[in-house]
Amino acid sequence: MSLISSLKIFSPSSLNTTQNALSVVSSRANSWWSHVEMGPPDPILGVTEAFKRDTNPKKMNLGVGAYRDDNGKPFILPAVKMAEAEIAKKNMDKEYSPISGSPEFCKATINLALGEDNEWTKNGLNATVQGISGTGSLRIGTAFLSAFFPGGKDLYMPTPTWGNHVPLAKHAGLGVKQYRYYDPKTCGFDFHGALQDIAKIPERSMILLHACAHNPTGVDPKPEQWAEMSKVIKEKKLFPFFDMAYQGFASGDIDKDAAPVRMFLKDGHQIALSQSYAKNMGLYGERAGAFSLICSSKEEAAATMSQLKIIIRPMYSNPPVTGARIATEILTNPSLRSQWLKDVKGMADRIISMRQLLRSNLAKEGSSRDWAHITDQIGMFCFTGMTPPQVEKLTKDFSVYLTKDGRISVAGITSKNVEYLAHAIHQVTK
Amino acid sequence: KFASVESAPPIEVFALNKAYVEDTFPQKVNLGVGAYRTDEGKPWVLPVVRHMEQKLAADETLNKEYLPVLGYEPLASAATRMLLGSDSASLKEGRATGIQCLSGTGALRVGAEFLAHIGKHSIVYSSNPTWGNHSLVFLNAGFTSYRSYRYWDAAKKALDFDGLMEDLRNAPENSVIILHACAHNPTGVDPTQDQWRQIADLIEERRLFPFFDSAYQGFASGDLDRDAWAVRYFDSRGFEMVCAQSFAKNFGLYNERVGNLTFVAKDRSVIEPVRSQITLLVRANYSNPPNHGARIVGTVLNDPVLTEQWKSHIKTMADRIISMRLGLRERLEKLETPGTWNHITDQIGMFSFTGLGPLAVDKLIADHHIYLLKGGRINMCGLNTGNIDYVAKCIHEVVTTTQEASL
């Protein structure tokens, strides 16, 4: 108010401007939100934004992790189209889903992970709920563990891990710690480092494991390495929480990709498991996924289910059905299921062949570097081993967009641009 | 590892529905779960929704890619405009924004998380009674204290306005106040326009923060603008506020989880920072919202012809409910059932707080296979020309044979 008294106001127009300025000042001052700061920009989105602005016709977006076909276009799986047609014929209603999702969806989903005839589902030992794709399933799981896990509330994650694991776990009330995983020297798995760190984790802690196609590195343990890890994790009485976002999408074989999960169960672990249909069914935006806890008895599973529902209801009451209905239709209809297995193998095969082409083209370019990791790694992503300055040059000089850590989304490579990419990478790394 | 996990108590409305489903009595009536039913007692997928689904299925340009974190923008902006009205000053001045959420519950949760984590609010009030899920949504979102303000006057079967005002007057500054925008759940009793004005005065005076829960816009009176009066009044008064919007009932899209969180600020400069903070919250919860329902609602709301079709569907639903209210009241008064029954037609929306006590409710369920919530809430949609005589008769029966607290 002293501001007003110190002003000499003469003309109506200056009065108006002054009043407007004052009202802006006072509206910010009266606002509940004037203290709110801009959040940090999303690094991956930032890559896409910059890519969109680039006018170079040869530009490539190797940032975002969504599958693209050999023309660089989003891919709707034939099995999905067929499932949608079947569902449309049924004229289903829009009534609320159960809080935990449809029982059919949950059963089909856990059986996909554990095998159709697995003893755990048969004996009613699983508590399975639909979640909002992988993220939502992780969120339900971390919320449950935060409330009910009887041991330490730290979740141990591999270094590096998916960017969203850390904020998600913290938001759920868990602490976050690390174990070694990626070896930048080899662009491979730091097996001994991982074992050493896992052995040091306090007993009765939780450990997060990427079941297959590790994000962001593409580096997976070999089966015998998984067996070793299972042994140490059991000895140390750690609780394994598997994040399986790429079953089928990694090797093209759903059983092979789920092997670590099944191995751990056979070894006697009780596990938590998050599954996503975003990539392996291309259902990204429809948000279909599930969270499961494998319990030691039917009663435990029932009690767990009731608590999971109590967590879900205050989040969003009950889940969206469209994606889940498509997944259910595919998994329970034999001809759709076999179509889907073909589709997912097709996607995995294309990615594997792009890896092979990139590696062979780099050799053709005359690169003397060892690029074996490009084909050793698996899944959507490849940790190229390029340094931030090299990444910057790749983007600036060649309009190839990727994240600073040197991660490329192999799905963004096509038979038409792989040579250009190899040439560009060679230029910045020679 | 989880042997110590105890079974949680069943959630009342779902347990009730389960009991109804398992009941083999041929004349059973479900007055529990809050979903619209036709006069044949069937769920109703709105014709404009079916039409949209066919259109979307045939559209080769569409795909299943991720939506942005804050949702499908055509839906969010249309939903915000539908709520505030295109004349809204805050909309025109760029001070209002919308964020697609997982139906009404999801919008409440995102709004509550924002208010708790970023706004640093810790106390929330809702009406007594209120929707059963309000308290846990806010407590799980980070609020530390959940309190009630008086609302339902059981003796008068009306709004306890004096109690409401007294409780709000005593609320600490910065408290978040949950207000049902229209068609109060579970009572069906809404404040009058004059009462809303007084509530607004008090909220302003006591520096409380209004959080509207709008689950029934259009569905209550049949008129979108009329049902948004309270929210628009607050908006015209220049309040900062949030409003959770659901499209479950008014679009019949219950299981597609389509909702919107409208955020109104005093100054447009806070909108971007607020959106960026909400982005972080959403990312840590579910990354991005579902696509299918958003495309249906977003397309309809942005197409004048489809919007008109949709409005006629809403009117159909609202009119049927109103006729059931009239029908039930008429029958009870004709039967000379003890007590007064004008509250059934004074109330609005899907629900009616009948005023029936717990003993009467138990009898209705056990003896007559009529399912309703313990507090006496009935879903008017469960009534139809086929069962309204039976229901009236049974209410008459239990009221005349039950001794309990005043009706």
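**Entry 1: the A–B interface**

I began with the pair B:K64 and A:E84, whose side chains meet in a salt bridge at 2.7 Å, N to O. I count a salt bridge when a side-chain nitrogen of Lys or Arg is within 4 Å of a carboxyl oxygen of Asp or Glu. Between chain B and chain A the count is 6 salt bridges.

I note that this is a predicted model: local features need pLDDT of at least 70, side-chain atom pairs count only at pLDDT 80 or more, and totals for chains, interfaces and linings use all residues. Residues are numbered from 1 along each chain as its sequence is written, chains are lettered from A and ligands numbered from 1 in the order in which they are written, and side-chain values use heavy atoms, with hydrogens and water left out.

I then looked up polar contacts across the interface. There are 35 residue pairs in polar contact between chain B and chain A, both residues at pLDDT 80 or more. My cut-off is a pair of N or O atoms within 3.5 Å; within protein, one must be able to donate a hydrogen and the other to accept it, and residues adjacent in sequence count only if both atoms are side-chain atoms.

Which elements of chain B give two or more residues to the side that touches chain A? I find α1 (12-22), α2 (47-58), α5 (103-118), α6 (134-141) and α11 (271-285) of chain B. Of these, α11(B) gives the most, with 10 residues. Helices (H or I, at least four residues) and strands (E, at least two) are DSSP runs, numbered from the N terminus.

By class, the side of chain B that touches chain A has 37 nonpolar, 21 polar and 18 charged residues. Here Ala, Val, Leu, Ile, Met, Phe, Trp, Tyr, Cys and Pro count as nonpolar, Asp, Glu, Lys and Arg as charged, and the others, Gly among them, as polar.

In contact terms (heavy atoms within 4.5 Å), 76 residues of chain B meet 75 residues of chain A. The two chains bury about 6400 Å² between them, 58% of it on carbon and sulfur atoms. That area is the accessible area (1.4 Å probe) that two parts lose on being put together, summed over both.

**Entry 2: two helix pairs**

In chain B I checked α12 (residues 292-301) against α13 (residues 304-334). Their axes come within 6 Å and cross at roughly 105 degrees. I take axes as lines fitted to C-alpha atoms, for helices over the stretch in contact, with angles from 0 to 180 degrees between N-to-C directions. α12(B) and α13(B) are therefore roughly perpendicular to each other, a label for 65 to 115 degrees. B:T299, B:V300 and B:L301 of α12(B) make the contact with B:L306, B:T307 and B:W310 of α13(B). I sort these residues into 4 nonpolar, 2 polar and no charged.

In chain A the axes of α13 (residues 322-332) and α14 (residues 334-364) come within 5 Å and cross at roughly 100 degrees. This pair is therefore roughly perpendicular as well. From α13(A) come A:E329, A:I330, A:L331 and A:T332; from α14(A), A:P334, A:L336, A:R337 and A:W340. The classes here are 5 nonpolar, 1 polar and 2 charged.

**Entry 3: B:R232**

I placed B:R232 in helix α10 (residues 229-236) of chain B. Its side chain reaches the backbone oxygen of B:M82 at 2.9 Å. Leaving out residues up to four places away in sequence, B:R232 touches B:M82, B:L83, B:L84, B:G85, B:Q217, B:L224 and B:D225.

**Entry 4: backbone in the loops**

I found a cis peptide bond from A:T159 to A:P160, with omega near 0 degrees. A:P160 is in the loop between β3 (154-159) and α8 (165-171) of chain A. The bond from B:N185 to B:P186 is cis, with omega near 20 degrees. B:P186 is in the loop between β7 (176-180) and α8 (193-205) of chain B.

B:A183 lies in the loop between β7 and α8 of chain B. Although not a glycine, B:A183 has a positive phi of about 55 degrees. A:N91, not a glycine, has a positive phi of about 45 degrees. I located A:N91 in the loop between α4 (78-89) and α5 (103-114) of chain A.

Notes
Parallel < 35°, antiparallel > 145°, perpendicular 65-115°, else oblique.
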